[in-house]
Amino acid sequence: METTTKIPGAAEACISLFSEAKFTANLAEMATEELLFIALASVRVNPTQSIALLNKVWERQNKYGFLPAFQSNDIPALPLAGLILEKIYRSVPVGAEIKSHFKEYVKKSLSNHQWWYQNAADEETSTLKVSYDWEHAAIKRLVTAVFDNDLLVNKVEGDTPGALFNAIMAASNESLIHLGGKLGLDISDLMYAQEMGIYCVDEQYWDNSMGTYKVIPTEYLPQPLNELILMAGGIPTQDQAEQLLARLCIFAELDQMALEFPDGVKTTPQFMALMEQPFFSWLLINGLLKYDMEDMAEVVSGFFLKKFENQPFNADQVFLSAMYMNILQA
């Protein structure tokens, strides 16, 4: 995937905030997910800062592996740590001290995943179920704009096998399996959970006649992304992913055989609105690249990168620079 390598002024401004006392003083109040993204953003310019941020994340974890969304509460954070850790590991400058800390970070992230499987796994299907209210709150922590009502599905009461959550969990599992293997850790239990989880989600929700996943009626996510978000976790087969890509192009009114860069793309307002949501577009780009769909990943990233260049982000939204830089690296 080839794209611009110049970090715009908005990203540079975000990164410059990392060393400011005002910003540092606010770290304790930030969400765990936000600290992880800031650690990713800072690793290429300040590895020491990344270490400090990751240490703050793991200071929040209890002895059972539970990792809260904020410093002192009982709401669990999204299981993003494994995914972010692998991206940090791949971005660490040669000779940086941070790699010496990674074995401990991965152990803690493995412990967090174990907590999730002990507390949220469905015994019959091996999928992980979370409450609507929790998933809604987790999404709001990482989404900077409110979706139009016609992009959202109806609220569903009770516990649901969230597409977003299972996609993130599978992606984070995959990253921890890679890192654990490199670091000589026992990852056999996680490998089994990953294999079973992917099989059960695919088996339960794939509709062969429609060529998509039957998750829209039970999810909060915008409808078009419900069909695609599982790609971020590597859950569809390559053939299934190709069918999902075709459906996306139909929805977005894009010519799959002649994809263009954002300045020349004519697409639907709904698709534009979705791609301007940085967290979802970041997940989708990572998913597309898992299946070597580089042209579409380029188009999707272009919408977000163009928006990023034109927006004055502040310290409260600084994690967006991590997404920007990660998209460049992708």
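A residue is called buried when its relative accessible area is under 20%, exposed when that area is over 50%, and partly exposed in between (1.4 Å probe, protein chains only). Keep that in mind as we walk through this predicted model, in which local features need pLDDT of at least 70, side-chain atom pairs count only at pLDDT 80 or more, and totals for chains, interfaces and linings use all residues. Residues are numbered from 1 along each chain as its sequence is written, and side-chain values use heavy atoms, with hydrogens and water left out.

Let's start with the whole chain. It has 15 helices and 4 strands; helices (H or I, at least four residues) and strands (E, at least two) are DSSP runs, numbered from the N terminus. Of its 330 residues, 56% count as buried. The chain exposes about 14700 Å², and carbon and sulfur atoms supply 49% of that area. These accessible areas come from the Shrake-Rupley method with a 1.4 Å probe, and for residues only the protein chains shown count as cover. A contact means heavy atoms within 4.5 Å. Among contacts in the chain with a separation of 6 or more, 72% are made by residues 24 or more positions apart.

Now find helix α8, residues 163-183. Is this helix mostly enclosed or open? Of its 21 residues, 17 are buried, so α8 is largely enclosed by the rest of the structure. The length of α8 can be checked too. The expected span of a helix is 1.5 Å times one less than its number of residues; for α8 that gives 30 Å, and the end C-alpha atoms are 30 Å apart, which agrees. Just after α8, G184 takes a positive phi of about 75°.

A171 has a relative accessible area of 4%, so it counts as buried. Leaving out residues up to four places away in sequence, A171 touches L83, A232 and G233. The C-alpha atoms of A171 and L230 are 9.2 Å apart in space, although the two residues are 59 apart in sequence.

The largest one holds 91 residues, and L80, I88 and F279 touch the most other members. The largest share of this core, 12 residues, comes from α8. Which residues does I88 meet? Apart from neighbours within four places in sequence, I88 is in contact with A39, L40, V43, L54, I98 and F102.

Some of those names come back when we turn to S50, in helix α4 (residues 47-59). S50 is buried because its relative accessible area is 0%. Beyond residues up to four places away in sequence, S50 touches A39, S42, V43 and I98. For contrast, look at R90 in helix α5 (residues 81-91). R90 is exposed, with a relative accessible area of 58%.

Next come the aromatic rings. A pair of aromatic rings is described by the distance of the centres and the angle of the planes. Rings of Phe, Tyr and Trp (its six-membered ring) pair if their centres lie within 6.5 Å; planes under 30 degrees apart count as stacked, over 60 as edge-to-face and the rest as tilted. The structure holds 9 aromatic pairs. One of them joins F37 and W282 edge-to-face, at 5.1 Å centre to centre and 80° between the planes. This pair links distant parts of the chain, as F37 sits in helix α3 (residues 32-42) and W282 in helix α13 (residues 278-290), 245 residues apart. F37 is buried at 0% relative accessible area, and W282 is buried at 0% as well.

Another pair, W116 and F165, is tilted: 4.7 Å centre to centre, with 55° between the planes. W116 lies in helix α6 (residues 102-120) and F165 in helix α8, so the pair ties together parts that are 49 residues apart in sequence. Ring pairs link F66, W115, W116, W134 and F165 into a cluster.

Finally, how many disulfides are there in the whole structure? A disulfide is a pair of cysteine sulfur atoms within 2.5 Å, and a search finds 0. C200 is buried at 11% relative accessibility, and C249 is buried at 4%.

Methods
A nonpolar core is a set of buried Ala, Val, Leu, Ile, Met, Phe, Trp, Tyr and Cys residues joined through side-chain atoms within 4.5 Å.
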